[in-house]
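This briefing accompanies the sequence and structure shown below. Please keep both in view while reading the points that follow.

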Amino acid sequence: SQKHEFFVDMTCEGCSNAVTRVLHRLGGESFDIDLPNKKVFIDSEHNVDTLLETLKKTGKNASYLGEKPAQ
């Protein structure tokens with residue numbers, strides 16, 4: 001699976017919780033949230049469009065930053 005990096009305009013714990021909720025709903029996602037830098041790293045089989053649409057369900061501004069090379 002590919003690891004993707006997204007920007008999500010999160011300002012607080014509530015924002016990151018909203019991101020966690022929508023990603024859990026998508027199912028089977030492994031992800032890390034970097035709240036101070038407003039980044040979300042998602043390891044997923046889903047395509048970028050699906051992930052971005054999902055992140056936008058939080059009502060936050062979200063954009064795709066690119067793929068992270070698998071460690």
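K38 lies in the loop between β2 and β3; helices (H or I, at least four residues) and strands (E, at least two) are DSSP runs, numbered from the N terminus. The model is predicted, so local features need pLDDT of at least 70 and side-chain atom pairs count only at pLDDT 80 or more, while totals for chains, interfaces and linings use all residues. Residues are numbered from 1 along each chain as its sequence is written, and side-chain values use heavy atoms, with hydrogens and water left out.

- K38 is partly exposed, with a relative accessible area of 26%; buried means under 20% relative accessible area, exposed means over 50%, and partly exposed is in between (1.4 Å probe, protein chains only).
- The phi of K38 is near 55°, a positive value in a residue other than glycine.
- Most residues other than glycine have a negative phi.

**The packing of two helices**

- Two packed helices are described by the angle between their axes and the distance between the axes.
- Helix α1 covers residues 13-26 and helix α2 covers residues 48-56; their axes come within 9 Å and cross at roughly 135°.
- The axes are lines fitted to C-alpha atoms, for helices over the stretch in contact, and angles run from 0 to 180 degrees between N-to-C directions.
- Helices α1 and α2 are therefore oblique to each other, given that angles under 35 degrees count as roughly parallel, over 145 as roughly antiparallel, 65 to 115 as roughly perpendicular and the rest as oblique.
- The crossing of α1 and α2 is right-handed; a crossing is left-handed if the near helix is turned anticlockwise from the far one by less than a right angle, and right-handed if clockwise.
- On the α1 side, V19, V22, L23 and L26 meet T50, L51, T54 and L55 of α2, where contact means heavy atoms within 4.5 Å.
- By class, this contact of α1 with α2 has six nonpolar, two polar and no charged residues; Ala, Val, Leu, Ile, Met, Phe, Trp, Tyr, Cys and Pro count as nonpolar, Asp, Glu, Lys and Arg as charged, and the others, Gly among them, as polar.

**T54 in helix α2**

- T54 lies in helix α2 and is buried, with a relative accessible area of 4%.
- Leaving aside neighbours within four places in sequence, T54 is in contact with V22, L23 and L26.
- T54 and L23 are 31 residues apart along the chain, and their C-alpha atoms are separated by 7.0 Å.

**The nonpolar core**

- The largest nonpolar core has 15 residues, and those with the most contacts inside it are F6, V8, V19, L23, V40, I42 and L55.
- Such a core is a set of buried Ala, Val, Leu, Ile, Met, Phe, Trp, Tyr and Cys residues joined through side-chain atoms within 4.5 Å.
- At least two residues of this core are supplied by each of β1 (2-8), α1, β3 (39-44) and α2.
- V19 lies in helix α1 and, at 0% relative accessibility, counts as buried.
- Not counting residues up to four places away in sequence, V19 touches V8, M10, I33, V40, L55 and T58.
- The C-alpha atoms of V19 and E5 are separated by 14 Å, and these residues are 14 places apart along the chain.
- L55 lies in helix α2 and is buried, with a relative accessible area of 0%.
- L55 touches F6, V8, V19, L23, I42 and A62, when residues up to four places away in sequence are not counted.
- L55 and P36 are 19 residues apart along the chain, with their C-alpha atoms separated by 17 Å.

**Two further buried residues**

- S16 is found in helix α1 and is buried, with a relative accessible area of 7%.
- S16 touches M10, I33 and L35, not counting residues up to four places away in sequence.
- F31 has its place in strand β2 (residues 30-34) and counts as buried at 19% relative accessibility.
- Leaving aside neighbours within four places in sequence, F31 is in contact with T20, L23, H24, F41 and I42.
- The C-alpha atoms of F31 and S44, 13 residues apart along the chain, are separated by 8.3 Å.
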